[in-house]
Amino acid sequence: MARLKLGVLVSGRGSNLQALIDAAADPAFPAEIALVLSNKADAYGLERARQAGIATAVVSHRDFPGDKAGFEAAMDAHLDAAGVELVCLAGFMRLLSPEFVERRRDRVINIHPSLLPSFKGLDTHERALQAGVRVHGCTVHYVRAEMDVGPIVVQAAVPVLPGDDAHALADRVLAAEHRIYPLAVRLIAEGRVRVEDERVVVEGHAPDTAAVLLNPAP
Ligand code: GRF
């Protein structure tokens, strides 16, 4: 069966991209990365893509001052030329316009380092610590025009531990991100995910009905 063609958008270190590269290295994985696109020429994610022999493109927003439509048209041209069917935002630090998102409705996903709808935006780990939550986590969701909003595909929860600072907590969440992004892509590529009334339904998934994360443990 043909593998779903992914376009991964990165602005930085690209560790989630790496998780997708590693997953797709298995020929049984139902998706492949057709293109890695960055708005920053020095993003380390581009280097990861090159090392894996994946096509890359750079579209710098700085080449389109005050012209978001032009910036996004240039990105669209690269994504279309590569035959991209699903766009995966992986630490892509530009807000996409409603037009870009609508053109690819339910074909753009994002990973966010919190249990949405809590802690949208930046500095999620600092804010989680400040709020004193005992459970934190990460979310893969379909992208909508509003930032960090959209039907949720997969979430993972991790405990907040005594002595955690933002770095320690971020590391724990990031390890979970690297598990759920390939999982979400796999479910979508297998055609098991549909959006109904702005909520996700997953066909034939195997929930761990006994899973409870208690923190602190009893
Ligand atoms: C991750 O924490 C992701 O959830 C957020 O940006 C960060 C990107 O990290 N959207 P990386 O570039 O994938 O290492």
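In this tour, a residue is called buried when its relative accessible area is under 20%, exposed when the value is over 50%, and partly exposed in between (1.4 Å probe, protein chains only). The structure is a predicted model, in which local features need pLDDT of at least 70 and side-chain atom pairs count only at pLDDT 80 or more, while totals for chains, interfaces and linings use all residues. Residues are numbered from 1 along each chain as its sequence is written, and side-chain values use heavy atoms, with hydrogens and water left out.

**Salt bridges**

How many salt bridges does a search of the whole structure find? The search finds 15, a salt bridge being a side-chain nitrogen of Lys or Arg within 4 Å of a carboxyl oxygen of Asp or Glu.

Select aspartate 76 and arginine 104, whose side chains form a salt bridge with an N to O distance of 3.1 Å. Aspartate 76 belongs to helix H3 (residues 68-81) and arginine 104 to the loop between H4 and E5, so the pair ties together parts that are 28 residues apart in sequence. Helices (H or I, at least four residues) and strands (E, at least two) are DSSP runs, numbered from the N terminus. Aspartate 76 is buried, at 12% relative accessible area, and arginine 104 is buried as well, at 3%.

Next, select arginine 172 and aspartate 164, which meet in a salt bridge at 2.7 Å, N to O. Arginine 172 is partly exposed at 23% relative accessibility, whereas aspartate 164 is buried at 15%.

Proceed to arginine 192 and glutamate 190, where the N to O distance of the salt bridge is 2.6 Å. Arginine 192 is partly exposed at 21%, and glutamate 190 is partly exposed at 34%.

Finally for this topic, select Glu102, Arg105, Asp106, Arg144 and Glu198 together; salt bridges link these residues in a network.

**Cysteines**

Select cysteine 88 and cysteine 138. A disulfide is a pair of cysteine sulfur atoms within 2.5 Å, and by this rule the count is zero. Cysteine 88 is in no disulfide, and the nearest cysteine sulfur, that of cysteine 138, is 15 Å away.

**Backbone features**

Most residues other than glycine have a negative phi, and most peptide bonds are trans. Select leucine 116 and proline 117: the peptide bond from the former to the latter is cis, with omega near 10°. Proline 117 sits in the loop between strand E5 (108-112) and helix H5 (124-131). Then select asparagine 215 and proline 216, which are joined by a cis peptide bond with omega near 5°. Proline 216 is in the segment after strand E9 (199-202).

Move to aspartate 148, which has a positive phi, near 60°. Aspartate 148 is placed in the loop between strand E6 (135-142) and strand E7 (152-159), and is buried at 13% relative accessibility. Now select aspartate 197, where phi is also positive, near 50°. Aspartate 197 lies in the loop between strand E8 (193-196) and E9. Is this residue, aspartate 197, buried or exposed? At 69% relative accessibility, aspartate 197 counts as exposed.
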